[in-house]
Amino acid sequence: MIYSMTGYAALTREFEGGSLHLELKSVNSRFLDIHFRLADELRPYEMAVREKISARLGRGKVECRLYFSLARGVQQNLNQEMLAGLQTLEAQVRALMPEARPLAVSDVLRWPGMFGDDGVDFASLGPVVLALADAVLDEFSASRAREGDKLAAVILERSRQMRAVVAQVEPLIPAAQAAFTAKLKQRLEEALGSADDSRVLQEVALFAARIDVDEELARLKTHLDELERIFKAGGAVGKRLDFLMQELNREANTLGSKAAVAEVTQAAMNLKLLIEQMREQVQNLE
């Protein structure tokens, strides 16, 4: 299975007195980077949920939101002692700093512990939280797998296009290089006055070696074979493919630098474009 680092899943579970909502979303990252946004009453469950996420995911910047909503009709009571304390503190601050902005009702209601006995036993919600985390992670992994399949299809199509470029230009190279080498030899003969001059033979031999691209084409095909093998093996492929993109790009650059005929130059440009398109997709794979 191939997984994208981009994914999203969210589920809600009802419990006595309210409901729990867990949401996961992620984007690409070099490493696994998990950020939590959750109610203070649910903070004790952060480590357990974090461990579950770490066990299932390899890479990606993941945002996890866990919060609860009280059921309709459940009475919420303000913590009167805390409310009085906030009122006293605000008066002291404003006595010293009259320009300070007064506390808004929304600020007070969001204050940790402001709600007193709301009828919810958060200490007993562990099994609900963990079961919800497992269910969301199943949905989340399925989401990343669907996206991974799409990315893999795009990359493999680019690989097939690269093979077509190589197959198209490969048969043309020997004749084109021979013609270019013959032209060089003729010019050297005209300049030096003798076809038997050792300098002519040396220059032609050196030039022929410099424009020989058989090794570059062979390595390109080998790297494309490895790319397809990695996809067939599945699992965490992103880092391996990223390295392979560098190798493919190196061969395409060398091919372009050694190009002695227009066909090879155009092939190198086409290959570099396809590699860049693949690299954009690879960066999103786990």
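The legends below describe close-up views of a predicted model.

Residues are numbered from 1 along each chain as its sequence is written, and side-chain values use heavy atoms, with hydrogens and water left out. In this predicted model, local features need pLDDT of at least 70 and side-chain atom pairs count only at pLDDT 80 or more, while totals for chains, interfaces and linings use all residues.

**Figure 1. Overall layout of the protein.**
The protein has 9 helices and 4 strands. Helices (H or I, at least four residues) and strands (E, at least two) are DSSP runs, numbered from the N terminus. Along the sequence the pattern is β-β-β-α-β-α-α-α-α-α-α-α-α. Of the 286 residues, 36% count as buried. Here buried means under 20% relative accessible area, exposed over 50%, and partly exposed in between (1.4 Å probe, protein chains only). Among contacts (heavy atoms within 4.5 Å) between residues at least 6 apart in sequence, 77% join residues at least 24 apart.

**Figure 2. The largest nonpolar core.**
A nonpolar core is a set of buried Ala, Val, Leu, Ile, Met, Phe, Trp, Tyr and Cys residues joined through side-chain atoms within 4.5 Å. The largest one has 33 residues, of which Met162, Leu227, Leu241 and Leu248 touch the most other members. Helices H4 (126-169), H7 (214-233), H8 (238-257) and H9 (262-282) are the elements that give two or more residues to this core. The largest share, 8 residues, comes from H9. Leaving aside residues up to four places away in sequence, Leu248 touches Met162, Leu220, His223, Leu224, Leu227, Ile275 and Met278. A second, separate core of 26 residues includes Leu42, Val62, Cys64 and Phe68.

**Figure 3. Surroundings of Ser159.**
Ser159 lies in helix H4. Its relative accessible area is 0%, and Ser159 is buried. What does Ser159 touch, not counting residues up to four places away in sequence? The contacts of Ser159 are Leu224, Leu227, Glu228 and Met278.

Val62, a member of the second core, lies in strand E4. At 1% relative accessibility, Val62 counts as buried. Val62 and Asp33 are 29 residues apart in sequence and 6.0 Å apart in space, C-alpha to C-alpha. Besides Asp33, Val62 touches Leu24, Lys25, Ser26, Leu32, Ile34, His35 and Leu57, not counting residues up to four places away in sequence.

**Figure 4. Salt bridge between Arg65 and Glu23.**
A salt bridge is a side-chain nitrogen of Lys or Arg within 4 Å of a carboxyl oxygen of Asp or Glu. A search of the whole structure finds 17 of them. In one, the side chains of Arg65 and Glu23 meet at 3.8 Å, N to O. Arg65 lies in strand E4 (residues 60-70) and Glu23 in strand E2 (residues 18-27), so the pair ties together parts that are 42 residues apart in sequence. Arg65 is partly exposed, with a relative accessible area of 25%, whereas Glu23 is buried at 10%.

The side chains of Glu46 and Arg50 meet in a salt bridge at 3.0 Å, N to O. These residues are separated by about one helical turn, because they are 4 residues apart in helix H1 (residues 46-56). Glu46 is buried, with a relative accessible area of 17%, and Arg50 is partly exposed at 25%. Another salt bridge joins the side chains of Asp138 and Arg56 (2.8 Å, N to O). Asp138 lies in helix H4 and Arg56 in helix H1, so this pair ties together parts that are 82 residues apart in sequence. Both residues are partly exposed, Asp138 with a relative accessible area of 46% and Arg56 at 35%.

**Figure 5. A salt-bridge network.**
Glu215, Glu216, Arg219 and Glu251 are linked in a network of salt bridges.

**Figure 6. The second largest pocket.**
A pocket is found on a 1 Å grid over the protein atoms alone, as an open set of points where a 1.4 Å probe fits, with protein on both sides within 12 Å along at least five of seven lines; lining residues have an atom within 4 Å of a point. The second largest pocket holds about 200 Å³ of space, where the volume is the space filled by probe spheres set on the points, and grid points are joined across faces, edges and corners. Its lining consists of Met5, Asn28, Ser29, Arg30, Phe31, Arg59, Gly238, Lys239, Asp242, Val282 and Gln283. Helix H8 gives the largest share of this lining, 3 residues. By class, the lining has 3 nonpolar, 4 polar and 4 charged residues. Ala, Val, Leu, Ile, Met, Phe, Trp, Tyr, Cys and Pro count as nonpolar, Asp, Glu, Lys and Arg as charged, and the others, Gly among them, as polar.
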